[in-house]
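Keep it short and grouped by topic.

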Amino acid sequence: MFDSLKKLFTPVESLEASQLRDYIDSHETGTYTLLDVRQPGEYESSHIPGAILIPLPQLADAYEQLDPEKPVVVY
Amino acid sequence: MAAQLLAGHGFKHIYNLAGGIKAWQGEVAEGPVELNLDMVRGDEMPEEIIRLAYGMELSLGTFYRTAQATAGDTDVVALLDKLASVEDAHKQYLLQLQATMTGREISPKAMDGEVSQKALEGGFGTEDLLKNNQKFLHSIPDLLDLSMMVETQALDLYVRFANKTDSQETKRVLYRIADEEKGHLAALGRLRQEKSSE
């Protein structure tokens with residue numbers, strides 16, 4: 001029970017756009033995941049290069065596609 | 001919301017982009033997830049992927065050189081020349097990567113002969129580019145914007161190729177090629193900054 005409470009309060013860090021830019025510039029492609037949780041139409045219109053698309057309604061079923069060891073940046 | 005969900009499933013390092021993509025100031029890619037993914041099956045060995053990337057870079061270089069004939073402005077012609085030589089550098093990098101990964105050295109000429117028609121025609125859609133973007137040939141900033149757009153699409157495509165690939169080794173190769181694109185995109189961005197303040 002304590003474990004699931006802990007997960008509930010795991011802090012998620014907020015990144016400013018400029019910080020994300022710095023992060024991308026200083027980390028090799030493939031060492032982190034960029035996750036786009038919007039709808040396909042929005043992704044198609046424009047997305048951050050290299051982002052994976054998993055629309056939010058599908059995330060609960062599809063999250064296993066992602067490597068939990070890699071940092072994830074969600075937008 | 002998405003972040004909390006991931007936290008609940010054991011993801012260790014989660015970040016949220018404040019303001020979402022609207023806050024993003026950098027380059028953006030367009031197109032659905034499947035765009036040009038039909039160029040790969042998903043089971044390619046590194047060597048085949050390198051040949052594919054090489055074909056795409058070759059066609060882009062040809063595009064820049066062909067565009068020189070239509071461009072009137074000598075500054076634009078000079079920039080097209082520079083952009084074409086960036087493509088040559090991309091190709092050199094790929095040949096080195098090939099040698100490192102497979103131990104097989106191959107000359108540019110031999111590689112030129114091995115690339116598939118599919119790679120030349122697909123990828124960056126250079127024929128369409130030339131048809132639809134004549135105006136970019138008249139202005140340095142426009143040309144740089146076009147080039148950055150193409151490089152950004154390339155970066156995105158290589159990562160999407162990697163997501164489709166089964167082989168860890170091929171994924172690694174694609175990530176390295178993507179990083180090469182990143183580097184050139186950064187250089188183009190700096191050049192763009194320079195030119196806009198002239």
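The model is predicted.

In brief, 43 residues of chain B are in contact with 36 residues of chain A. Strand S4 of chain A and S1(B) are joined by three bridges. Within chain B, H2(B) and H8(B) are roughly parallel to each other, and so are H3(B) and H7(B).

**Where chain B touches chain A**

- The contact involves 43 residues on chain B and 36 residues on chain A.
- Four elements of chain B give two or more residues each to the side that touches chain A: helix H1 (2-8), strand S1 (14-17), helix H7 (140-164) and helix H8 (168-196).
- H1(B) provides the largest share of that side, with seven residues.
- By class, the side of chain B that touches chain A holds 23 nonpolar, 13 polar and seven charged residues.

**Strand pairing across the chains**

**Helices H2 and H8 of chain B**

- H2(B) covers residues 46-70, and its axis comes within 9 Å of the axis of H8(B).
- The two axes cross at roughly 25 degrees.
- Angles under 35 degrees count as roughly parallel, and H2(B) and H8(B) are therefore roughly parallel to each other.
- Their crossing is right-handed.
- H2(B) makes the contact with B:Pro46, B:Ile49, B:Ile50 and B:Ala53.
- H8(B) contributes B:Glu169, B:Thr170, B:Val173, B:Leu174 and B:Ile177 to the contact.
- The contact residues of H2(B) and H8(B) comprise seven nonpolar, one polar and one charged.

**Helices H3 and H7 of chain B**

- H3(B) covers residues 74-102, and its axis comes within 10 Å of the axis of H7(B).
- The crossing angle is roughly 20 degrees.
- With the cut-off for roughly parallel at under 35 degrees, H3(B) and H7(B) are therefore roughly parallel to each other.
- The crossing of H3(B) and H7(B) is right-handed.
- From H3(B), the contact uses B:Asp75, B:Val76, B:Leu79 and B:Leu83.
- From H7(B), the contact uses B:Ile140, B:Leu143 and B:Ser147.
- Five nonpolar residues, one polar and one charged make up the contact of H3(B) with H7(B).

Note on methods. Residues are numbered from 1 along each chain as its sequence is written. Chains are lettered from A and ligands numbered from 1 in the order in which they are written. This is a predicted model: local features need pLDDT of at least 70, side-chain atom pairs count only at pLDDT 80 or more; totals for chains, interfaces and linings use all residues. Two residues are in contact if their C-beta atoms, placed from the backbone, lie within 7 Å. Ala, Val, Leu, Ile, Met, Phe, Trp, Tyr, Cys and Pro count as nonpolar, Asp, Glu, Lys and Arg as charged, and the others, Gly among them, as polar. Two strands pair if DSSP finds at least two bridges between them. Axes are lines fitted to C-alpha atoms, for helices over the stretch in contact, and angles run from 0 to 180 degrees between N-to-C directions. Angles under 35 degrees count as roughly parallel, over 145 as roughly antiparallel, 65 to 115 as roughly perpendicular and the rest as oblique. A crossing is left-handed if the near helix is turned anticlockwise from the far one by less than a right angle, and right-handed if clockwise.
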